Amino acid sequence: MLVMEKNQLTEEIEVLIKKYGKERSSLIPILQDIQKQHSYISDYAQQEVARLLDIHPVEVFSVISFYAFLNSSPKGRNIVRLCQTITCDLAGKKNVASAIERELGIKFGQTTPDNKITLEYANCLGMCDVGPAMIVNDRVYYKLDPEKAVSIINEIR
Amino acid sequence: MEEKRKGAVLFSDYERGSAIKKLRDLSREDILFELKESKLKGRGGAGFPTSTKWMLTAAAKSDIKYVVCNADEGEPGTFKDRVLLMEYQALIFDGMVIAGYTIGAKNGIVYLRGEYSYLLDSLETYLMKMREDNLLGKNIAGKEGFDFDISIRLGSGAYVCGEETALIESLEGHRGEARNRPPYPVNTGYLGKPTTVNNVETFASVTHIVMKGGEWFCKHGTDKSTGSKLFSISGDCSRPGVYELPWGTTIKELLDIAGAENTKAVQVGGASGICLPKSQFDRKLAYEDAATGGSIMIFNEERDMIHIMNNFMEFFVEESCGQCTPCRIGNAKLLEGVKMLESGEYTFKYINKLKELGQTMQVASKCGLGQSSSNAFLSILENLKDEIFNVRKGGNHGN
């Protein structure tokens, strides 16, 4: 990481701490914002958050590793989360998943080589009456079938 | 989105802010009295009496108290809070203001699950509107010294954070691991202060109770389960959706309403609930019989119960926080057992051992998640054993 990038990241974190307050309870909102901005929370970002909140870096890592939506390693710019829980499963999740995998040439859990899309499974998205459902970044799509799912994916490709 | 059926209680008419304005003439004792009359129980599933929770928080000595709305609706098959959060914000937020008034809190926090982050903007906008109309902020509705405000915090994808102490841990910036209880949140909650944590639907019910009284609320439902309940119905039926029905509705009635045919089994209460076979469809949905936080999943004759068990167990293996051994190891072992059933390579001796393990998990796990994580496994094994042990297509039957 370049020194300039590091400085910029530190500044960003300082702004976030000002926004949320220098308390332990601000940790998750700060991490969520970094995640949103950079699609992951780098080692350096973790250390800076820890230093500025006056907690041990391992505390920061332990929180990131706990939550499914926080990552310490880079992901694609767009994250596709397909619901794998039972009603979406029964409504045809598998066919939707294979269609997306075929189209992108990667499996769930992987990121496209151009870093554009990461495919993940998620547990119950609360769209059980209109499954199969998936969330792309912050938007939710439901009543998917293979064709519809692929056309949504192609829009962000 | 899909079907919605309005009942006589929760989805009855309500004018935004009117319950808050009514607080001008009510003391906190009045509200606690009405709540007690109403016999309202927590709508998240555990069914703790709301009046008791609020009374304890109100009685706790502290300058700072918190009201927390648990909008971490993660139970598979539950989506009623999504509908409330999208279309009935007034009921929820007014209920939180009432809670703040009753227990003496100035701060309310909504813990919104990360999966519902797309609702955040509309909720924030609604809160702004409440501030403009003096339904939040200082001297609310002209009542001197009544200050209250609400903020929203997003979760980050952890089912266990629906457990109230895990939720508080998460709010405080920690891993969402359940705490030992006691002390209970009513005394030692968020940041060590007295906190009442209630489900979205509970707050919505409170708002109606303040408007129409506890006695009115009791007219609906059964003796022990008063009022109505929002049921999230999904699975094999022609009309899935959110339905408001009085407590005491039988499963059979509910299946008719949802347009379910050829039903083999109904999962009541989500992945942590129980699976009921046809022979038990006359059971009532109520705290005293088949209890649920609202999740109803319907499986028809075509469905493979071992596949369903497998899905539930995979869910718990992923979502167990890993803090206590019965839940962390137990769920992994049960999942292994399901795979054995699937391949037909099992012995009854071992399956019986797994049943014992499941029962151990129910008593030895630390939090509600762990304690209920073996319910689906045990109830499917018990209630649908004919299918699982005998009529399994293909493979060897293990005997």
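This is a predicted model: local features need pLDDT of at least 70, side-chain atom pairs count only at pLDDT 80 or more; totals for chains, interfaces and linings use all residues.

Q: How many residues does helix α12 of chain B have, and how far does it reach?
A: Helix α12(B) covers residues 325-343, which makes 19 residues. Its first and last C-alpha atoms are 27 Å apart, close to the 27 Å expected at 1.5 Å a residue.

Q: Which residues in α12(B) are buried?
A: They are B:P326, B:C327, B:G330, B:N331, B:L334, B:G337, B:V338 and B:L341.

Q: Why do helix residues three or four places apart point the same way?
A: An α-helix has 3.6 residues a turn, so residues at that spacing point the same way.

Q: OK, and what covers the buried residues of α12(B)?
A: Other helices of chain B do, including α11 (305-319), α13 (348-364) and α15 (375-383). Also among them are α14 (368-372) and α16 (385-390).

Q: Switching to chain A. Which domains does the assignment give?
A: Domain 1 is 3-66 and domain 2 is 78-156. Their centres, taken over C-alpha atoms, are 29 Å apart.

Q: Where is A:L125?
A: A:L125 is in the loop between β2 (117-122) and β3 (134-136) of chain A.

Q: Is A:L125 buried or exposed, and why?
A: A:L125 is buried, because 26 other C-beta atoms lie within 10 Å, and the cut-off is 20 or more.

Q: Leaving aside neighbours within four places in sequence, what is A:L125 in contact with?
A: A:L125 contacts A:C83, A:A133, A:I135, A:V140 and, from chain B, B:E115. A:I135 is 10 residues from A:L125 in sequence, and their C-alpha atoms are 8.1 Å apart.

Note on methods: Residues are numbered from 1 along each chain as its sequence is written. Chains are lettered from A and ligands numbered from 1 in the order in which they are written. Helices (H or I, at least four residues) and strands (E, at least two) are DSSP runs, numbered from the N terminus. The expected span of a helix is 1.5 Å times one less than its number of residues. A residue is buried if 20 or more other C-beta atoms lie within 10 Å of its own, exposed if 12 or fewer, and partly exposed in between; C-beta atoms are placed from the backbone. Two residues are in contact if their C-beta atoms, placed from the backbone, lie within 7 Å. Domain bounds come from an automatic or database domain assignment.
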